[in-house]
Amino acid sequence: MTVSATARPEHGFRLSQLIYDTRYRSTTIQVVAMFAFMLAVGWVVNNAIQNLEALGKSFSFSFLFSTSGYDVNQRLLEYSSQSTHGRAAILGILNTLVLALVGCITATILGVLAGVARLSKNWIVARLMTVYVEGFRNVPVLLWIIVITAMVNESMPSPRDYRGVETGAFVFTNRGFYFPEALFSHGLGDLDLGLFKVSLDLMAIIAVLAAGIYAAKRIGRAADVKQAETGVRPRVFWYRVAAIFLPTIALLLFLGFHIGYPELAGFNFKGGTFLRDSFIGLWLALSLYTGAFIAENVRAGIQAVSKGQTEAAYALGLRPSRTMKLVILPQAMRVIVPPLISQYLNLTKNTSLAIAVGYMDATGTLGGITLNQTGREMETLLLLMGFYLIISLSISFVMNVYNERMKLRER
């Protein structure tokens, strides 16, 4: 006989009810589980404290403010060997974030194209995509990183090969790639925030561009309202384009915007935006590797959509390309997005393999040279774990919000 959850005890409360009474058993188990977890955490912390005392160490993050004494080869902020370990860690974190961001974008494009092409009726295209997917999925990513970085180093010419040659705006060498850079003759300067400086020119451009996009959306909504009232939609396309680009172009002219090109000076190129060969190799390897997994997710999502949807679209006169874009992919996204989150997380965590080709990411700076120089293995690894935990949870949160918006709304 079972006891109702709302029934009152006939003979008062007894301790045996914590185990045998279904009204209290689940609470008892949760309290015991929490107590066991707190004991385990306490044992780990106490064990760490005893080991640190045995080694004569204290738990402190003061090393972040001491001089680093080493160089970081790829940097987005000003840095020298006289900067602090904290600044070196920030540079490593920025390098990781940039690599993860561009890698996720490229892997998504490659994965969608390869996933759609693998279902192509063209036998050659479908088999080539099969070779790509199976080839990258079944070889460890570390090997691909090393192989592709070596290919970039060996296949590209050295800077001295460009001596006496017209290089143009883009230069590809075995040390890295050079691209044109944006320069301003009448720039607004930088805003010093202590740890780093923020370009006021960039902030002004982003603000004007965001305002232009907002204005374009308002023009589009006004056109929607006009169409709902009169049945005729006003032509506002060029007004929306002008709202976005004209203020931005005016700001660029005011700031004296011009392009800076890389030029060979001595034994290397000077000027332009430089991306190291290790960054290029990592970017390509991680994008191709993760793109192969995303391609399988895309293929599975497309195959999960009923064939009746395709047949209905063809019956309405839609071409195969528009059927895929407007009918199949939007429905397949409900299946594609959840595993896509895992692939983004995997790519972000795989950036920690960058140390294999000398790219100074967070693992290379904070968890590598800083750890070896200061001997603060517990503090550096805790910071490193906290960083990867925060960035992974952030990616998961954003993608889950997007996944929630992509769900079908049922009445």
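View 1. R137 is partly exposed at 32% relative accessibility (buried means under 20% relative accessible area, exposed over 50%, partly exposed in between; 1.4 Å probe, protein chains only). The model is predicted: local features need pLDDT of at least 70, side-chain atom pairs count only at pLDDT 80 or more, and totals for chains, interfaces and linings use all residues. Residues are numbered from 1 along each chain as its sequence is written, and side-chain values use heavy atoms, without hydrogens and water. R137 forms a salt bridge with E134, with the closest N and O atoms 4.0 Å apart (a side-chain nitrogen of Lys or Arg within 4 Å of a carboxyl oxygen of Asp or Glu). E134 is also partly exposed, at 32%.

**View 2. E296 and R137.** The closest N and O atoms of this salt bridge are 3.5 Å apart. The pair joins distant parts of the chain, 159 residues apart. E296 is buried, with a relative accessible area of 15%. R118, E134, R137, E296 and R299 are linked in a network of salt bridges.

**View 3. E379 and R376.** These side chains meet in a salt bridge at 3.3 Å, N to O. E379 is buried at 2% relative accessibility, and R376 is buried at 19%.

**View 4. Domain 1 and domain 2.** The two domains bury about 340 Å² between them, 48% of it on carbon and sulfur atoms (buried area is the accessible area, 1.4 Å probe, that two parts lose on being put together, summed over both). In domain 1, R87, I90 and G272 lose the most area to domain 2, together 82% of what that side buries. Zero salt bridges are found across this interface.

Methods. Helix = DSSP H or I, 4+ residues; strand = E, 2+ residues; numbered from the N terminus.
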